[in-house]
Every structure is written in C-alpha cells, then in structure tokens.
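Please keep the sequence and the 3D view at hand while reading.

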Amino acid sequence: MNTVAIKPVAATAGAASGNHAPKVVSQGVKVFYGEKEALHGVDLDINEREVTALIGPSGCGKSTYLRCLNRMNDVVEGCRVEGSIKIDGDDIYDRRIDVVQLRARVGMVFQKPNPFPKSIYENVAYGPRIHGIAQGKNELDEIVESSLTRAGLWKEVKDRLDKPGTGLSGGQQQRLCIARAIAVSPEVILMDEPCSALDPIATARIEELIDELRENYTIVIVTHSMQQAARVSQRTAFFHLGDLVEYGDTSQIFTNPKEERTQAYITGRFG
Amino acid sequence: MSSTLVLAVVLLMMLASFVVGRQRALATAGGHTRALHSRPPYYGSYVALWAAVPALVLLLLWVVVEPMVVDMVVRNSLPDDVRALPPDKLSLVLTIIDNLVRGRATVGDVPAYAKEAAARQQSLHATASWAMAVLVIGLAAIGFFFGARRIAPTLRARNHVERAATWGLVACSAIAILTTVGIVCSMLFETLHFFSMVPPQDFFFGLVWDPRFSAAGRDGSAGQFGLIPLLWGTVFISLIAMLVAVPIGLLSAIYLSEYAHKTVRAWVKPLLEILAGIPTVVYGFFALSTLGPLFRDIGASVGLDVSATSALTAGVVMGVMIIPFVSSLSDDIINAVPQSLRDGSYALGATQSETIKRVVMPAALPGIVGSVLLAVSRAIGETMIVVMAAGIAAKLTLNPFDSVTTVTVKIVSQLTGDLEFNSPQTLVAFALGLTLFAVTLLLNIYALHIVRKYREQYD
Ligand SMILES: Nc1ncnc2c1ncn2[C@@H]1O[C@H](COP(=O)(O)OP(=O)(O)OP(=O)(O)O)[C@@H](O)[C@H]1O
Ligand SMILES: [Mg+2]
C-alpha cells in the first residue's frame, strides 16, 4: 500500500475543486426498495474530471446512490427512484432518455471483477460491438488496444488476447473490467469498491490508474478505505443511514470535518 | 425356526446391545462422560455393530447357500437310474420333488423315490434351520460379549463406528456398481451366444430386419437380423423429437429464467415438470387416438399419404414428452449463470436480449448441450410411444409419414414371444440391448463431460 501512500492530496484537491464545473447534479434523490426508504433525499454535485469518493458505514446507501447514476437500479425488482439527477443538464430519469445510451455515457466497474467468460479481446470489444462504435476490424483492434493500454493491462496481455478473461489474476481481471468500461468512451465511470477483492499491490495499481484516468473521465468511487479515499479523490461525500451528511474537498473532510458524525467516522469511532 | 424369526431375534439383540454398551461405557467412566473418548451412544453402536454385523452376514450366507447344499444332497441320494436320466426328464423329476416339498398338488403318479427324496429334503431343511438359528444367535451373543468386554474409557468407539459406517456406504455403492456390471455381463454373455449363431457383420451392417418368427426352431431358418433399419428408426424418431423439443424447451427456459415474473415462474415451472411425470403410455394413447388420425386427415386433405402410425407422430409426441427435460435443465443452467455477468453487460449499455444472446447463452451453452444430450438418451430408450405411434414395421425409409420402428420396440417384441430362449430370434434382443446400452452410455458420458467442463468456468 505504501507505494501510493498519501500523495500531495491537499494540493490537487484544493486546486481542482474550484475550477471544475458540475457534471452530475442530483437533487432530492430518494430511493425505495419496496416500502423501505434507503436514501432520504440526497443533493450532490459531482465535478467534471475529478474523482469523487463516497464513504460511510456499511448499509448507508453508497452503492444505492451510485447505481442511480447509471440507472442500474432499474434492474432491481421493486426499486423506485425519486428526485432528479442531471448529467450535463439532461435529466437521466426523463422518459425520453434511453437507458442504453445513458449507460454508454456512464460506465461502471463492480466490486468483484466480472469478466465475461470470453477471450480478453472479446471482453473489451463487447461494448463497442453492441454500440456499433467501430467501423471494421481495424478500428475495433485499435479501440481494444487503446482501452487496454489506458487500463495499464496491454503489456501483460498483448500476447494472449484470445485467452479467456477469466484466466487472469484478480487484479488483472479488475483492470480488464476497467478497460471494458473505457472501451465505450464513457464520460463518467462509477466504481463500487473496485479494490475490495484485491491485494495491496493490485490495489496500488488500480489507484494509480484512477489517478491517470481522472484526466479524461469523471470518476465516482465507493470505498471503505479512508486512506484510499484520501489518496485518490479530490472530493469526498460522507453518507450515513441514507443521508448525505457532509460533502466537500477531500482535504477538508479528512482534516477539518464540520459534522460530528463525519469526525467520528473518519477517526474510526464507528462504522 | 424360520430365518425371519432369527432376523427379528438378532435385531432385538442389536437393540439390547446398544443399550447395554451405552450403560457400560457410562459405568466404566463412573458417570463422567468427559472421561470417555467418545460420547456414550458411540459405545452403544460399537457393541451393537459387533453383535449384529457378523451374525447378519452369516444369516445371509446361510439363506443363500443352504438350499443349494440341501438340493445337492437330495439329488445325490436319488437312485442311480434316475440320476442317469436326460436333463429335461431329470428336471421334471426335480420339479415334482419340489412340488411335494412345498405341498403343492402334483399331476399323475408320484414315484416312490420322489416321495422319499421330498421327505429327506424336508427333514434336512428342518435340521438346517435349527442349526442356523443356533449358530446365528450364538454368533450374535459372542459378538455382543466381545464388544462389551472391550469397552473402556480409552476405546476409540467413535472412530470405529465411523469407519464401519464408511464401509457400509462403500458396500452400498458396490452393490449398485456390481448390479450394473452384472447386467452388462449377462447381456454380454447372451450377445456372444447370439453372435455364435449370426455373424456380427450381418447384425451390425445388415439392412434387412426379418427374424422369421414362424420358422423359428427349424433348421435353415436363421432369418435376417440387420440392425440398421432399427437403429435408423431410433435415430429418425429421436431426431424429430429433438426438432420439437429443443427449440420449444430452450425458448421456454429462456422465457422462464430471464423474462417471466417471479410468480409466473413459480407456477409455470412446476406445471412443465408435471409433463415429465405423465406415464409414457398416456402419451402413446394421445398419439394413437388423437395426433395420428389428425396427421392422417391433414395429410389426406393436402393429398399426402400419411399412415396412421408414422415416424412423425411418434417423434412429435416424444418431443412433447422431452420438452420438460430440456426446459427444466436448461432453466437451471441459465439461472446458474452469475448475475454479476448480466450486470456487467447491462452496465455497458446492452439491452436484455443482447445480454441473453451474447453473454448468458454463450456462458450456458455447454451446459445446455449437456442437457439436450441427456434428453436424447431419454428419447433413444423410449419404447411405449413408439409402439403405439410409429408401429412395429422395421423399415429403412426417409419418409416421416411412413411407419418405422426402433430398437427398443424390437427388444420387447423379440422377448415376448413363446420361443425357446436359445434361438437367435430371442437372443438378438440381448445384442440389441447391448448396442443400445453402449450408445446411451457414450451419449451420457459425453453429456456429463460437457456439463462438467462448463461447471469449471466460474469457480
Ligand atoms: N436489492 C435490495 N433490496 C432491498 N434492500 C436493499 C437492496 N439493496 C440494498 N438494500 C438496502 O438499502 C440500504 C443501502 O444499501 P447499499 O447497498 O446502498 O449500502 P452500502 O452503503 O453500499 O453498503 P456496503 O458498504 O455494505 O456496500 C441497506 O439498508 C440495504 O439493506
Ligand atoms: Mg455497497
């Protein structure tokens, strides 16, 4: 873990926060699972080309909020979302929005690496194929190569693109999943505890990767590791029991939280 | 004493041994269970096993061996001229004796030596029964004392009992395997017998099936036993059945597992599985009384000559019978595809049908092929529907509207005649059975292999 330990967080975060326009604007987001209200009205603006970390104790609704942003909650039976979420000004819960196009703009990386039981190449080519992004084989090859390169996996797999993606190590699989998400050129990438199944070295690789991806993408990451949030993010949102308790620059949240509960959580007194 | 009574006594002794063993273990430990190596019931079981197992083994052996020995003694004591009789006459005499022993009525005069032999057999049997009772119960008692004496707090009763349990399980699986081996061997034996009368190449490559029942037993009337028409009938009907069952079964499985609402699934799946529980005779009925005539009438109205019993009717009905196998197994396999793969695909913007086509189905395909192969072997073994729907005429035809027949049907019809058991007309049934067995076995092995390969992918 030490390889990436405490980057000059304060500097980047402080500099970044002011300059970036909000990419995602959510207002009064409530989520119900059946009768149960899991989120009680969340207002959260996510800045463009920044990493926003969502932290909070287990069951507080981080994943639930994350899944609202690409409407993965639609797949969950009995789940209902209220309030408004706008990406670049478009309400993504509007009837006219096609969820397929939305998910092409908002990619997602899951907690457990879930490569398809296909070859490495096919895994990355999957998204471009269904969206018809590539014209012909050459362009597809290019997309696959550039996605794998940006995910920092190209060197390791370039000689075995036709081998199954499930044959890679856990960390490689997760980077493959990131490459798969990048391949459709999303604007926003959602990551739900992307490192929780990985060892410290693989985690460090992914954290570096996230830092590099920040140049081109807006990233929202859920994490249980305070250090990770401090290392990779510019903005941090603290959730508790379905409420957004505090949201601000990462440096401020970790050094000078305004709320009592945030203070208690980041110092490890609960959660 | 009858063997049932002896069995009851041994079982009672076993129960008593359990109680005594348990008490004794407690007594040796002075009532402190912690001082014992194992918990008291294990000591009980230990003694009970010693009491029951040797005695029961002896009982079993006795029941099997004793009649043979008695029979042999009695037969050897028959007068020499009787023993010198030709085998069929001798077996008649033995039947008479047997009938006398069992107190059944006999026809005609009973010779004196037969009466004598019957009396001897009865007295021998009575003595033997008593000997058995004494020996078996004695052995149980010895086992009980032996086991009970060995009880001490340090005795590893649990380990002994569990090892005995393992051996019991091994014995059970051995019985299952040995039975299969026995069946195969007996078939193999009769098949070889058959091939000594009909050359194998005539059987395996013969194009004509004409066993000539009426001429059986007479010289120079071997008949023709070509396997090909029967095998073709089997393949043809199974093919039609698969054409019906695979698309319907697979699509309904996809609907059930991917699209259907939970409540729909909860109702439809059991309903489909009920189809699997309908006896095949009933399907045969349906084919015979409804579908066959329907096809014939439709055929007649468009100027086709469809026979009332046809490969098509049998195939379609058999396909309907197999639908639940395909759909139920495929549904399980599709459900076993991890949700995370679907989520991964949805998150990339794939629609549900794209996800099914490109992720779920490819992942499930090997398993689905396995389930289809299992269904095929089921179709190959099916008899009743074919008899009723496709007829019994062995024809080598490509016309689905013609009647054909299958291997299984011919096995039944060859064995249900009034023929001697060593004519090629009956023995051919074993050759057919063995061939069928080999085919389904290979199919099953292949199917299991595929299913297993698929399993390895997610672990
Ligand atoms: N599919 C579902 N059906 C019903 N309730 C759910 C479902 N998913 C989540 N919940 C509930 O919603 C609440 C928030 O869950 P969520 O998964 O968002 O928590 P989380 O913050 O991601 O927790 P963790 O850190 O453990 O992943 C929890 O109380 C949870 O029980
Ligand atoms: Mg979560």
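Is Val69(B) buried, partly exposed or exposed? Val69(B) is partly exposed, with a relative accessible area of 42%. Here buried means under 20% relative accessible area, exposed means over 50%, and partly exposed lies in between (1.4 Å probe, protein chains only).

This is a predicted model, in which local features need pLDDT of at least 70 and side-chain atom pairs count only at pLDDT 80 or more, while totals for chains, interfaces and linings use all residues. Residues are numbered from 1 along each chain as its sequence is written, chains are lettered from A and ligands numbered from 1 in the order in which they are written, and side-chain values use heavy atoms, with hydrogens and water left out.

Val69(B) is placed in helix H2 (residues 40-76) of chain B. Helices (H or I, at least four residues) and strands (E, at least two) are DSSP runs, numbered from the N terminus. Val69(B) also belongs to a nonpolar surface patch of about 840 Å², whose other members include Leu49(B), Val53(B), Leu61(B) and Met68(B). Such patches consist of residues with over 30% relative accessible area and no salt bridge, where like charges are joined within 9 Å and nonpolar side chains (Val, Leu, Ile, Met, Phe, Trp, Tyr) within 5 Å. The areas come from the Shrake-Rupley method with a 1.4 Å probe, and for residues only the protein chains shown count as cover.

Asn76(B) is found in helix H2 of chain B as well. Asn76(B) is partly exposed, at a relative accessible area of 46%. Between Asn76(B) and Ala117(B) there are 41 residues of separation in sequence, and their C-alpha atoms are 10.0 Å apart in space.

The domain assignment divides chain B into domain 1 (3-155) and domain 2 (224-458); such bounds come from an automatic or database domain assignment. The C-alpha centres of domain 1 and domain 2 of chain B are 49 Å apart.

## Aromatic rings

A pair of aromatic rings is described by the distance of the centres and the angle of the planes. Rings of Phe, Tyr and Trp (its six-membered ring) pair if their centres lie within 6.5 Å; planes under 30 degrees apart count as stacked, over 60 as edge-to-face and the rest as tilted. By this rule there are 13 aromatic pairs over all chains. Phe194(B) is buried, with a relative accessible area of 0%, and Phe225(B) is buried at 3%.

Trp209(B) and Phe225(B) form another edge-to-face pair, 5.9 Å centre to centre with 80° between the planes. Trp209(B) lies in strand E1 (residues 209-210) of chain B and Phe225(B) in strand E2 of chain B, so the pair ties together parts that are 16 residues apart in sequence. Trp209(B) is buried, with a relative accessible area of 9%. Ring pairs link Phe194(B), Trp209(B) and Phe225(B) into a cluster that also includes Phe195(B), Phe203(B) and Phe204(B).

In chain A, Arg80(A) lies over the face of Phe32(A), at 4.3 Å from the ring centre. A charge sits over a ring if NZ of Lys or CZ of Arg is within 6 Å of the ring centre and within 35 degrees of the ring normal. The charged end of Arg235(A) is placed over the ring of Tyr247(A), 4.6 Å from its centre.

## Salt bridges

The structure holds 26 salt bridges over all chains, each being a side-chain nitrogen of Lys or Arg within 4 Å of a carboxyl oxygen of Asp or Glu. The table gives examples.

| Partner with nitrogen | Partner with oxygen | N to O distance |
|---|---|---|
| Arg71(A) | Asp74(A) | 3.0 Å |
| Arg296(B) | Asp297(B) | 3.8 Å |
| Lys395(B) | Asp402(B) | 3.0 Å |

Arg71(A) counts as buried at 14% relative accessibility, whereas Asp74(A) is partly exposed at 39%. Arg71(A) follows H2(A) and has a positive phi, near 55°. Helix H2 (residues 62-69) of chain A is mostly covered, with six of its eight residues buried.
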